[in-house]
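Welcome! Have the structure open beside you and try each task before reading on.

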Amino acid sequence: MANINITSIIKNQIKNYNLDTKKSSEGKVVAISDGIATVSGLYDTQLGELLKFPKDTYGMALNLEEDLIGVILLGEYSHINEGNKVLRTKKIVQVPVGDKLLGRIVDSLGQAVDGKNVIKSDKTREIERVALGIMTRQSVNQPLETGILAIDAMIPIGKGQRELIIGDRKTGKTAIAIDAIINQKGKNVKCVYVSIGQKNSSLAIITQKLIDADALKYTTIVSANSSESDAMQYISPYTGIAIAEEWMEKGQDVLIIFDDLSKHAVAYRSLSLLLRRPPGREAYPGDVFYIHSRLLERAAKLNKNYGNGSITALPIIETQAGDISAYIPTNVISITDGQIFLMTDAFNSGQRPAVDSGLSVSRVGSAAQTKLIKKVSSSLKLQLANYGEIKSFSEFSSDLDQETKTILENGSKIMAFLKQKQYSPYTQSYQAIILYLIDQKMIDLLNINLIPQFKEFLAKEVKNKEEFKKIAKDMDQKLEFTNEIEKKLNSLLTKTINKFNQEYS
């Protein structure tokens, strides 16, 4: 009787035997070196998924092959060995977002690295996402003022624009970006500064400058400096843009700086070669264009149905000997809406900011300017182009006619007025006053050697004189030149120049 029962049980088990296989969410490390782990056994892993290694170490899946996964390790990995267990989290890499990050320095995973308390944000966002579609956007029509006269007048930046800052090493690229952040004080624009591959000492100086200017309180710094791994440097700009997107989708305006994408491309090249991806031009992998295009496409100006928020992106690219035709510079130039090109020669000769008005361009143009600035800056670029051309030819000739001398002198005076100290952005009304002087050729009344003194004299007059204060207030409110404002300003500037010439003659 017992044998019959056993037989029936076995038959029943055979009848109901299920041959379906289940794929495991647990894998093991096959090989590990240089911050790259090769993992087997993890099926259905997503690109960019967070994988958990021993001792709470995490990695991001970057190579998905048929049997193996290439994982970049985010953090210390000396304790990981071949054969170690690896678990899927089934989550794409996420970072905390929200106002709790303002005034903080975080790493590429959104964790505080400024020695203050742990950031406990109640919301996270995936660092990788598809950029919002064209139906959510609108054309750029509001200026994002940098406070830098040469840029706001000739290469205006609009909210939602992507404007590249490009130039050789030590030409003031970061200085422009930091000035732009400082100038957002009181303008209801949040800022994100992403430091990629910089020295820790450089970031410490930048942080202190932001603190001194009372600008850190509306800024988040994402730090992936040269001491960090290539993996952390690679994901840092995506972390920054994810933080910025949270504010943009709440209808707020954000300025984000990527400093710099040249080092980001180098970090990605290192990871790709370690993952044994085929190298292409200059050993960069074929998808190096895509890593920057999918990043910068996320900068946008949203339409009113989506809250009217914006992300303005200022990526920085470092060139070698002014070669803007190199691989990475041309890639990023083609992705962005214009570039601010900085000249080494001009920088070394004392022209700060060393903006090249010929190679620099904003494809948004005057759409990102108020009527106030537009009216008095329209001829500036043309005057400087004429000056630059004649200056290059005049070097070969000692006998110049009077008209040529006048153009050269006028151009030199304009360049002197465009010089600006770092960390001292101009208000829009003050920019309009200087541009009006240039536009109306009132600078002809000044001695070129006394222009630095005149600028200091004018700044004191504008700051202290009630008549100037009233005109500045009218300009800031109306944002255009009315006949009344122009008449008063012309009279006041004429008196100011005469007063200066009497004192300094």
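**Exercise 1. A strand and its partners**

Which residue in S5 is the bridge partner of Ser40?

Solution. Before we start, note that this is a predicted model, in which local features need pLDDT of at least 70 and side-chain atom pairs count only at pLDDT 80 or more, while totals for chains, interfaces and linings use all residues. Residues are numbered from 1 along each chain as its sequence is written, and side-chain values use heavy atoms, with hydrogens and water left out.

Step 1. Helices (H or I, at least four residues) and strands (E, at least two) are DSSP runs, numbered from the N terminus.

Step 2. Look across from Ser40 to S5: the bridge partner there is Leu68.

Step 3. Widen the view to whole strands, which pair if DSSP finds at least two bridges between them. Strand S2 (residues 36–40) is paired with S5 in the antiparallel sense over 5 bridges.

Step 4. S5 also runs antiparallel to S4, joined by 6 bridges. Here Asn63 has Gly70 in S5 as its bridge partner. S4 and S5 make a hairpin, with 3 residues between them.

**Exercise 2. Closing the barrel**

Work out in what order the 6 strands close into a barrel.

Solution. Step 1. The order is S1-S2-S5-S4-S3-S6, with antiparallel pairing. Neighbouring strands of this sheet are turned by 45° against each other on average, direction ignored. The axes behind such angles are lines fitted to C-alpha atoms, for helices over the stretch in contact, and angles run from 0 to 180 degrees between N-to-C directions.

Step 1. Now find the join between strand S1 (residues 26–33) and strand S6 (residues 85–92): 3 bridges link these antiparallel strands. Gly27 stands opposite Val86 in S6.

Step 2. Ask how enclosed S5 is. Buried means under 20% relative accessible area, exposed over 50%, and partly exposed in between (1.4 Å probe, protein chains only). Since 6 of the 7 residues of S5 are buried, the strand is largely enclosed by the rest of the structure.

**Exercise 3. A helix across the strands**

Find the strands that helix H5 (residues 230–248) lies across.

Solution. Step 1. Helix H5 lies across strand S4 (57–64) and strand S5 (68–74), and runs at about 85° to S5.

Step 1. Within H5, pick out Tyr234 and Tyr238, which are 4 residues apart and so separated by about one helical turn. An α-helix has 3.6 residues a turn, so residues three or four places apart point the same way.

Step 2. Check their surroundings. Tyr234 counts as buried at 3% relative accessibility, and Tyr238 is buried too, with a relative accessible area of 1%.

**Exercise 4. Aromatic rings**

How are the rings of Phe417 and Phe454 arranged?

Solution. Step 1. Rings of Phe, Tyr and Trp (its six-membered ring) pair if their centres lie within 6.5 Å; planes under 30 degrees apart count as stacked, over 60 as edge-to-face and the rest as tilted.

Step 1. The ring centres of Phe417 and Phe454 are 6.2 Å apart and the planes stand at 75°, so this pair is edge-to-face.

Step 2. Locate both ends: Phe417 is in helix H12 (residues 402–418) and Phe454 in helix H14 (residues 451–464), 37 residues apart, linking distant parts of the chain. Both Phe417 and Phe454 are buried.

**Exercise 5. Inside the cores**

Which residues have the most contacts inside the largest nonpolar core?

Solution. Step 1. A nonpolar core is a set of buried Ala, Val, Leu, Ile, Met, Phe, Trp, Tyr and Cys residues joined through side-chain atoms within 4.5 Å.

Step 1. The largest one has 74 residues, and Ile181 and Leu458 have the most contacts inside it. Helix H13 (residues 428–439) gives the most to this core, with 8 residues. Apart from it lies another core of 57 residues, including Leu62 and Met232.

Step 2. List the neighbours of Ile181, where contact means heavy atoms within 4.5 Å. Leaving aside residues within four places in sequence, Ile181 is in contact with residues including Cys191, Tyr218 and Leu255.

Step 3. Look at helix H3 (residues 173–182): 9 of its 10 residues are buried, so the helix is largely enclosed by the rest of the structure. Ile181 is among the buried residues of H3, as is Lys173.

Terms used: Contact means heavy atoms within 4.5 Å.
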